[in-house]
Amino acid sequence: MIVTLTANPSLDRTIELASELARGGVQRATATHAQPAGKGVNVSRAVAAAGQDTLAVLPGDATDPLVLGLDADSLPHRALPIGAGLRSNITLTEPDGTTTKINEPGPLLGPEAQDQLCALVEEASDGADWLVLAGSLPPGVEPDFYARLTATLRRDLGDRCPKIAVDTSGAPLSALFDGGHGLGAAAVPTLLKPNAEELAELVGETTEAELESDPLQAVAAARKLIAAGAEAVLATLGAAGAVLVTADGAWQGSHAPVTARSTVGAGDSSLAGFVLADQAGLARLDCLRRAVAYGAAAASLPGSTIPTPAHTTEDAVRVVPLTGKD
C-alpha cells in the first residue's frame, strides 16, 4: 500500500494555448482539462493506474467538487470534512511545453482539523509500504507540519511505520532539517524529492540553472541532505532527467528527448515511479530508471494527465554513476 497526504489539494484546470502566452491579450485555447489534483493526489493516481493499492488522504467536504471528482474517478481516498471549499488552480501551457501556473492559497486549516488529519494519516499508514507527504501547506499550518508528522509516525508506529517521502518546497522543506522543532533525525524523511529550484534554495551556494546544467553540482548539494540524515535524495532536473544520491553512491538518469506538452505533474509522476519500483523490490538504479521514465511520460502528455505504465519507456532511460563535487 502507498498512502499519500495532500494537505492543500486543488481542482486543477489546465488550458492549452494555440500560441505563445501574450500578456494583456486575448487568446484562444485548443483544449481544456480539469481534474482533482495536488501533488499527493497525483502520486496516488499514478499508483492506482499501475494497478497497485493506494489511499489518498486529504481535507475536503464530501460535497466539494474535488472530492466528488475523486469519487467519480474511483480513486481510493479518505477526506476530512473542514466546512470550507478547496482551492482551484489554473495552468496555462504553450505549444513548446512552457507552463504557467496560478495557484490559490487554499482554505484555512485550524489546529483541530490538523490533528484530525494527522490521525487519519496515522491510521492509514499503519503497516503501509510508503507514505508520501506532498505539496504546499494551507493557511494556518506551521512550516514544520511535515517534520512533526514524520517524527510522530515513527514514534507511534515503530516497526510498522512506512518509508516516508516528502515532496515540498520553501519553509516546509527546510523545516525538515531545522525549523527549531528539536526533533533531529526523527523528522528527516526516508526520501526527499526536490526539483533543481528547491534543492538550490535549500542548500544555498548554487542556482537552479547551475544544478540543471551540471548534475555533479546537484550530487554535491544532495549529499548535504544525506549527511543531515536523509537515506536518499531524488532530485529532478528538468530535461536533464534526475539524480539519485544515497550514502552508497550517486547516479544520473536521463531519457531520450521527448516532445514536451506540459510539465504539470511530471515531478509527482517521477516520485510515483520511484516508490512503485521500490515497493516492487527493485534495485535503486532501477528505481531511478522508472522515476525518469514516469517523469518523461508525464511531460509528453497533455495537461495534468498522469501516465500509466503503458506510457513509459524505461528502455529509453540511460543511468550512469556520478562522483559529485565536494
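# Helices, sheets and a salt bridge

Helix α1 and helix α9 pass each other in a right-handed crossing (right-handed if the near helix is turned clockwise from the far one by less than a right angle, left-handed if anticlockwise). This is a predicted model, in which local features need pLDDT of at least 70 and side-chain atom pairs pLDDT 80 or more, while totals for chains, interfaces and linings use all residues. Residues are numbered from 1 along each chain as its sequence is written, and side-chain values use heavy atoms, without hydrogens and water. Helices (H or I, at least four residues) and strands (E, at least two) are DSSP runs, numbered from the N terminus. Welcome to a tour of two sheets and the helices around them.

**Where α1 meets α9**

- Helix α9 covers residues 266–279, and the axes of α1 and α9 come within 8 Å and cross at roughly 50° (axes are lines fitted to C-alpha atoms, for helices over the stretch in contact, and angles run from 0 to 180 degrees between N-to-C directions).
- That angle makes α1 oblique to α9 (under 35 degrees is roughly parallel, over 145 roughly antiparallel, 65 to 115 roughly perpendicular, and the rest oblique).
- From α1, the residues Lys39, Asn42, Val43, Ala46 and Val47 meet Asp268, Leu271, Ala272 and Leu276 of α9 (contact means heavy atoms within 4.5 Å).
- Sorted by class, this contact of α1 with α9 holds six nonpolar, one polar and two charged residues (Ala, Val, Leu, Ile, Met, Phe, Trp, Tyr, Cys and Pro are nonpolar, Asp, Glu, Lys and Arg charged, and the others, Gly among them, polar).

- The structure has eleven salt bridges (a side-chain nitrogen of Lys or Arg within 4 Å of a carboxyl oxygen of Asp or Glu).
- In one of them, the side chains of Asp73 and Arg45 meet at 2.8 Å, N to O.
- Distant parts of the chain are linked by this pair: Arg45 belongs to helix α1 (residues 39–49) and Asp73 to helix α2, 28 residues apart.

**The four-stranded sheet**

- Four strands make up an open sheet with mixed pairing, ordered β3-β2-β6-β7 (two strands pair if DSSP finds at least two bridges between them).
- β3 (29–37) and β7 (99–103) are at the edges with a single partner strand each, so one side of each has no neighbour in the sheet.
- From one strand to the next, the twist averages 15°.
- Eight bridges join strand β2 (residues 10–17) to β3, and this pairing is antiparallel.
- Ile15 has Thr32 of β3 as its bridge partner.
- Helix α2 (residues 65–73) lies across β2 and β3, and runs at about 90° to β3.

**The ten-stranded sheet**

- Ten strands make a second open sheet, again with mixed pairing, in the order β5-β4-β1-β8-β9-β10-β11-β12-β13-β14.
- β5 (77–80) and β14 (317–322) are the edge strands, each pairing on one side only.
- Strand β1 (residues 2–6) runs parallel to strand β8 (residues 130–134), and five bridges connect them.
- Opposite Ile2 stands Trp130 of β8.
- Helix α2 also lies across β4 (54–59) and β5, with an angle of about 165° to β5.

**His77 on strand β5**

- His77 has its place in strand β5.
- Setting aside residues up to four places away in sequence, His77 touches Leu55, Ala56, Leu58, Val67, Leu70 and Asp71.
- Val41 is 36 residues from His77 along the chain, and their C-alpha atoms are separated by 8.9 Å.

**Two further helix pairs**

- Helix α3 (residues 111–125) and helix α4 (residues 145–157) have axes that come within 11 Å and cross at roughly 45°.
- This makes α3 oblique to α4, and their crossing is right-handed.
- Gln114, Cys118, Val121, Glu122 and Ser125 of α3 meet Phe145, Arg148, Leu149, Thr152, Leu153, Asp156 and Leu157 of α4.
- Six nonpolar, three polar and three charged residues form the contact of α3 with α4.
- The axes of helix α6 (residues 196–203) and helix α8 (residues 215–227) cross at roughly 55° and come within 10 Å.
- α6 is therefore oblique to α8, and the crossing of the two is left-handed.
- On the α6 side, Leu199, Leu202 and Val203 meet Ala218, Ala221, Ala222, Lys224 and Leu225 of α8.
- The contact of α6 with α8 has seven nonpolar residues, no polar ones and one charged residue.
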